Amino acid sequence: MRFLRSRNKGWLLLSTDYKARNIPAGRDVRAPGLRIGEVSYGLVSHFRIAPRGLYIGMMPPLSVLHPPILLGWGEIRVVRYAQAGLVKGYEVVAGSNEVPVLLPDKV
């Protein structure tokens, strides 16, 4: 069920507009989870802070169906500090669809 919700909402919308063509040079950040739209991802996400933006990828096997995203810094707008389940951090919206993304504190 989570897979279907993620494909129909947040991740699909972001990956359509912001699909990363490659992994950019930058600094890797280990963080405890991620929430995009209504779907929470545990410890399966990979973050990289790059000059061009924030890279978000998934570890296998989720990476096959969740292509990596590169959100340009100009496309991210911070909304508030929030908590959803075990993830505490900054809720941002990205893109023209304003998909809500909860980024862990460490990112």
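Q: What makes β5 and β6 a pair?
A: In this predicted model, strand β5 (residues 53–58) and β6 share four bridges and run antiparallel. Pairing takes at least two bridges, so the label holds. Tyr 55 sits opposite Leu 70 in β6.

Q: How do you know that both faces of strand β6 (residues 69–72) are covered?
A: Look at each side in turn: Ile 69 and Leu 71 are buried on one, Leu 70 and Gly 72 on the other. Buried here means under 20% relative accessible area.

Q: Why is strand β4 (residues 45–50) called largely enclosed?
A: Five of its six residues are buried, so the rest of the structure largely encloses β4.

Q: What makes β4 a partner of both β1 and β5?
A: Count the bridges. Strand β1 (residues 27–29) is joined to β4 by three, antiparallel, and β4 is joined to β5 by six, also antiparallel. The cut-off is at least two bridges, so both count as pairs. For examples, Val 29 has Phe 47 in β4 as its bridge partner, and Ala 50 stands opposite Gly 53 in β5. A hairpin of two residues links β4 to β5.

Q: Why is Tyr 90 called partly exposed?
A: Its relative accessible area is 42%. Buried would be under 20% and exposed over 50%, so Tyr 90 falls in between. Tyr 90 belongs to strand β8 (residues 87–94), and together with Val 78 and Tyr 81 it forms a nonpolar surface patch with about 320 Å² of accessible area.

Note on methods:
Residues numbered from 1 in each chain as written. Predicted model: local features only at pLDDT ≥ 70, side-chain atom pairs only at ≥ 80, totals over all residues. Heavy atoms only, no water. Patch = residues over 30% accessible without salt bridge, like charges linked within 9 Å, V, L, I, M, F, W, Y side chains within 5 Å. Areas by Shrake-Rupley, 256 points an atom, 1.4 Å probe, with all protein chains shown as cover. Salt bridge = Lys/Arg side-chain N within 4 Å of Asp/Glu carboxyl O. Buried < 20%, exposed > 50% of the residue type's maximum accessible area, 1.4 Å probe, protein only.
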